[in-house]
Amino acid sequence: MGATVPFPADHGDSEREVVASGNDAEVGATTPGQRPPERGELPHAGQIMGFAGQLRCWRRAAGERRGRRVTQGECANAIDRSERWYRDLERGAGRHRLDRKQCEALADLLHLDRDEFIALLLYNGLGPTAAAGAVDTRVRSGLRLLIDKQMPSPTFLCDANWNVVAHNAATAEWWPWVLEPGANFMRWSLLSREARSQYHDWDRHAATYVSLLKFALAGREDSAELMELIGDVCKDPDIGRIWDASNEVTENLDGYAVRMTVPALNWDAIDVVSHVLSPASLPDWKLVVLSWGTKDDEDGERTDANVGVGSAAEAPSGKQDDAPPSAAETRRIARAITGRLSVPTAQDAAALAGEDRIDLPVLSRMMGPNCQLTLSPSAQSVIWAVKEADGQWGVNVVAAYTLVVKVPHAAVIDEARDEMQLLTRAILPPEPREAVARIQELIRQSQQRIKSLTAVWRDLYEEDRTLPYIWHPADEI
């Protein structure tokens, strides 16, 4: 019987134990120079995985595929090193590195796929590295122009740590979270309730995004920002379990398809495919262009989801490309703004909403610091301006309906109620009779929803009479 070697659990659970047999110990060593995490403390990313931990995972996975254990001795023979040398490599001891020939031999033995092989190279300093220093202004301007030219396809640019650096108007309309300070694709996809409601089969997609984070660790364990990002997402119990359960790594999501329900498309289900490019001067940055195929209409038929993206065409009023002037005006404003990505002052941004503009100060504060929202009732749109690091105001136009979906909780906040009422009127047809007909339809939908929620509450209350009483419309009659 081998010796029992305890080591701290990844997420503050009770201590786990592994059995060491002879010299082939599966010890949870940390990266050299790191202290082991205290009990209950979230480990750094290098302690969560690191090169040593990834090697052990790959070797175990290779053994599972072969139906027999792959030993450290076999790995040592493959790279023409001693077993002790390789054992130290898996323990994270010393500063051993593999050359390209050794990486190729080890990848062949462990049956690594393309992404895993590239990760192995990166861990050993043999792949491309992130561009250092500030981004040239001309490069940033050129990328912004390229992003804008992808309209109406949602397009955004992420840095090496998935911070959203730039995006076009379609992205902001589909996913207003990109307008928030510090917008980060990984944090939104893995931690937000919005993402969990929009992604179909969220667990599967979350596992894919975790594999992207594990690939990013290769050669970048010295990145404090990456370590912080991984630490933050792994605090979530669901993500922590996914991290522990898989050893897969993925380089990028080029060609990756997801099925989503998007608020800006009236919560219709669509199939979205991501196309990922990397600027030559910024190899670790990712330019993501999204294309989409079809969506489900009310009768279950499949139709083109390209209709009205980047305009107010998919707002509840049901307007399409041949809509009255209000929708056409929205598209005109969108075209004007996409040619002018930033303005010098907040007043200049508000002026883009037109002569009938209405300030939304309460909702602006709710969306975060340095954010200014201005309603254009005639265009059924909102000018969403955010003050950027250089003092300029980045401007996007979104449908008024998009903002209503983004802040539904504002409807029950007294100081925001008047502004929410203005937004609600803006998304209704301008002609009063048509507006009243739409209101009646929405009220019927709301009444049915209230009945369903009330029925669920009653079922729960029958099971547990200690549950609190909930409000019901009859209470105010």
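The following exercises, each with a worked solution, concern selected local features of this structure.

The model is predicted, local features need pLDDT of at least 70, side-chain atom pairs count only at pLDDT 80 or more, and totals for chains, interfaces and linings use all residues. Residues are numbered from 1 along each chain as its sequence is written, and side-chain values use heavy atoms, with hydrogens and water left out.

**Exercise 1. Determine which residues of helix H5 are buried and why they line one face.**

Step 1. Helices (H or I, at least four residues) and strands (E, at least two) are DSSP runs, numbered from the N terminus. Buried means under 20% relative accessible area, exposed over 50%, with a 1.4 Å probe and protein chains only.

Step 2. Within H5 (residues 100–110), the buried residues are Gln 102, Cys 103, Leu 106, Ala 107, Leu 109 and Leu 110.

Step 3. Viewed down the axis of H5, these buried residues fall within an arc of 160°, so they line one face of the helix. The arc is that of the directions from the helix axis to the C-beta atoms.

Step 4. Lys 101 and Asp 108, on the other side of H5, are exposed.

**Exercise 2. Describe strand E3 and its bridges to strand E4.**

Step 1. From E3 (residues 155–158), Thr 155 and Leu 157 point one way, Phe 156 and Cys 158 point the other way, and all are buried. In a regular strand the side chains alternate between the two faces of the sheet.

Step 2. E3 runs antiparallel to E4 (residues 164–167), and three bridges join them; two strands pair if DSSP finds at least two bridges between them. Ala 166 in E4 is the bridge partner of Leu 157.

Step 3. The hairpin has five residues between the strands, and Trp 162 takes a positive phi near 70° there.

**Exercise 3. Identify which residues lie nearest the centre of the largest cavity, and which element gives the most to its lining.**

Step 1. A cavity is a set of points on a 1 Å grid over the protein atoms alone where a 1.4 Å probe fits but cannot get out; lining residues have an atom within 4 Å of a point.

Step 2. The lining comprises 22 residues, with Phe 156, Phe 185, Leu 253, Ser 274 and Val 288 nearest the centre.

Step 3. Strand E6 gives the most to this lining, with four residues.

**Exercise 4. State whether Gln 380 is buried or exposed, and what its side chain reaches.**

Step 1. Gln 380 is in the loop between strand E11 (371–376) and strand E12 (381–387).

Step 2. Gln 380 counts as buried because its relative accessibility is 5%.

Step 3. Its side chain reaches the backbone oxygen of Leu 428 at 3.3 Å.

Notes
On a 1 Å grid over the protein atoms alone, a cavity is a set of points where a 1.4 Å probe fits but cannot get out, and a pocket is an open set with protein on both sides within 12 Å along at least five of seven lines; lining residues have an atom within 4 Å of a point. A polar contact is a pair of N or O atoms within 3.5 Å; within protein, one must be able to donate a hydrogen and the other to accept it, and residues adjacent in sequence count only if both atoms are side-chain atoms.
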